[in-house]
Every structure is written in C-alpha cells, then in structure tokens.
Amino acid sequence: MNAPGGPLPEVRRAVYRPVREGNALEDTVARLVQTIRLGVVAPGESLPPERELALRYAVSRDTVREAIRELAVAGYLERRRGRYGGTFIADPLPQTAPAPVDAAELDDVLGLRRVIEAGAARAAAERTLDPATRDDLWRRHEAATAADEADYRRLDTLLHLSIAEIAGIPSLVALAAENRARVNTWFDTFPLLPRNIEHSNAQHERLVTAILAGRPDAAERAVLEHLAGSEALLRGFLL
C-alpha cells in the first residue's frame, strides 16, 4: 500500500517512460520537470540514481547528467556527494514569475483536463475496488486535507492522479500526468487561498465518497464542480 504522499506506480511509469529520439536532452529535462511539478518526488527527496534514470528514459547517462546539470543551475535540483549523496529536489523550489498566458492555450489545457478527470472519476466509480485501493484513496484525501501550505498542492496533485490510476485505463495516466503538470506550472505562479483550500477539500470529499460508493454520475458531477472552481482562479489570476 502506498503512503498518502508516496509515489503512484502508474504515474511513476508515466513520468519515467522512454523519451523520444531526436530531442533526448530536451525531453529528459522536460520529463524531470514533470516529475517535480507533479510532486512524484517531493522537495528535499532524491531522484532515482542516474543509471536507473538512463535505463528508464532509454538515453545515455551523459544525457541524464547534462539534464540534471541544467536543472541544478536553474535551481530545481541539488547535487550532493558522499555516502548519502545523489540528486535531490530543491527545497524550497524556485519561485516562478507569472508569464503571459494565451487564452486559447488555457482553454485547450483546461478543456482537456475536464475530459480526462471527468472520465477518470466516472471510470473509477464504475469499478469494484479492492479494500487496499479504497483505503489508499481515502488516505490520500485525508493527507491533502491535513496538509500544510507548503505541501498542499503536491498532495492535491497526487490525489487527482490516484483517481486516474484506479480508473483502470493505463494510457489515461500519462495523459493525466502531462495535463496536470501543465496546469501546475500556472498554479505555482499565484498563492494558495485558505478559503479556497477549505472549499476544495470539501469538494474532494464529495468526489472520493462518490467513487467509493460506486456512483459514477455523482463522481462526474463532483469533479466537474471542483474543476470549475480551479478554472475560475486560473482565469482570474492569469488572464
């Protein structure tokens, strides 16, 4: 069973899958950034060893080293030497300045998010979930609810991705991870709002409860209502 803030097997496979040929360095950098954005590895924790990353991405170790070097210079990673050394996610992560957002791009990403997450919630609610999966989903909801400000977005992300996992459609997980990573680049440009967190947690509870009760229509309604609130914030801060 996974810890509430721990890795999700299908999500890990999605972010550590082989990169495309031709742009190995750029794709390796992008995949590592995705790992950071999704909170698959938390700030202060270590990435897998270079040898393992090279195997998973199907690139050379030199490519992995160069990608890590680039992200270390940018402040996202930290190299440590010695017995307990390795490559660690920076803690805290660098703050990103808001960048101009194209309204059409925002519409596209958020529209895809609605399709992915509504479908995932419905599919998850339609399945017969084993006790360990049910317990893990509820514990992830509780972990996000109890999270402090520094860890909230990471645990919120993992809760949403856990629903994509339990939907039982493996190829959906990679789509959900890529989409959420793009959304998180925008979330990271504005502060958390305490009342919004309270509202979000209440919506999470309705969503998770509907999935565990096997109510697909209610699960879909709950996630769409939840996403509508997130979209309102994103449009308000970014456009």
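Tutor: Let us begin with the words for elements: helices (H or I, at least four residues) and strands (E, at least two) are DSSP runs, and they are numbered from the N terminus. With that wording, proline 92 is found in the loop between β2 (86-89) and α5 (103-126). Please keep in mind that this is a predicted model, in which local features need pLDDT of at least 70 and side-chain atom pairs count only at pLDDT 80 or more, while totals for chains, interfaces and linings use all residues. Residues are numbered from 1 along each chain as its sequence is written, and side-chain values use heavy atoms, with hydrogens and water left out.

Student: How many helices and strands does the chain have, and in what order do the elements run?

Tutor: The chain has 10 helices and two strands, and from the N terminus on the order is α-α-α-α-β-β-α-α-α-α-α-α. The radius of gyration, taken over C-alpha atoms, can be set against the globule rule, which is 2.2 Å times the number of residues to the power 0.38. Here the radius of gyration is 18 Å, close to the 18 Å that the rule gives for 239 residues, so the chain is as compact as a globular protein of that length. Along the principal axes, the C-alpha atoms fill a box of roughly 50 × 40 × 35 Å.

Student: How should I read contacts, and what does isoleucine 36 touch?

Tutor: Contact means heavy atoms within 4.5 Å. Isoleucine 36, whose place is in helix α2, touches Tyr76, Leu77, Ile89 and Leu93, not counting residues up to four places away in sequence. Isoleucine 36 has a relative accessible area of 9%, so it is buried. For the chain, among contacts between residues at least 6 apart in sequence, 74% join residues at least 24 apart.

Student: Which residues does glutamate 231 contact, and is glutamate 231 buried or exposed?

Tutor: Glutamate 231 is found in helix α10, and, leaving aside its neighbours within four places in sequence, it is in contact with Leu110 and Arg114. At 10% relative accessibility, glutamate 231 counts as buried. Arginine 134, found in helix α6 (residues 131-146), is partly exposed, with a relative accessible area of 34%.

Student: What is an aromatic pair, and how many does the structure hold?

Tutor: Rings of Phe, Tyr and Trp (its six-membered ring) pair if their centres lie within 6.5 Å; planes under 30 degrees apart count as stacked, over 60 as edge-to-face and the rest as tilted. The structure holds three aromatic pairs. One of them, formed by tyrosine 16 and tyrosine 57, is tilted, with 6.1 Å centre to centre and 50 degrees between the planes. Tyrosine 16 lies in the loop between α1 (9-15) and α2 (24-38) and tyrosine 57 in helix α3 (residues 50-57), so the pair ties together parts that are 41 residues apart in sequence. Both tyrosine 16 and tyrosine 57 are buried.

A stacked pair is formed by phenylalanine 190 and phenylalanine 237, at 4.2 Å centre to centre and 0 degrees between the planes. Phenylalanine 190 lies in the loop between α8 (170-187) and α9 (194-212) and phenylalanine 237 in helix α10 (residues 216-238), so this pair ties together parts that are 47 residues apart in sequence. Phenylalanine 190 counts as buried at 6% relative accessibility, whereas phenylalanine 237 counts as partly exposed at 41%. Ring pairs link Phe187, Phe190 and Phe237 into a cluster.

Student: Which residues does arginine 153 touch?

Tutor: Arginine 153, found in helix α7 (residues 149-166), touches Arg180, Phe187, Asp188, Phe190, Pro191 and Leu192, not counting residues up to four places away in sequence.

Student: Finally, what can the backbone show at proline 92 and at alanine 58?

Tutor: A cis peptide bond joins aspartate 91 and proline 92, with omega about 5 degrees. Alanine 58 has a positive phi of about 60 degrees although it is not a glycine; alanine 58 is found in the loop between α3 and α4 (61-73) and, at 56% relative accessibility, counts as exposed.

Definitions and conventions: Buried means under 20% relative accessible area, exposed over 50%, partly exposed in between (1.4 Å probe, protein chains only).
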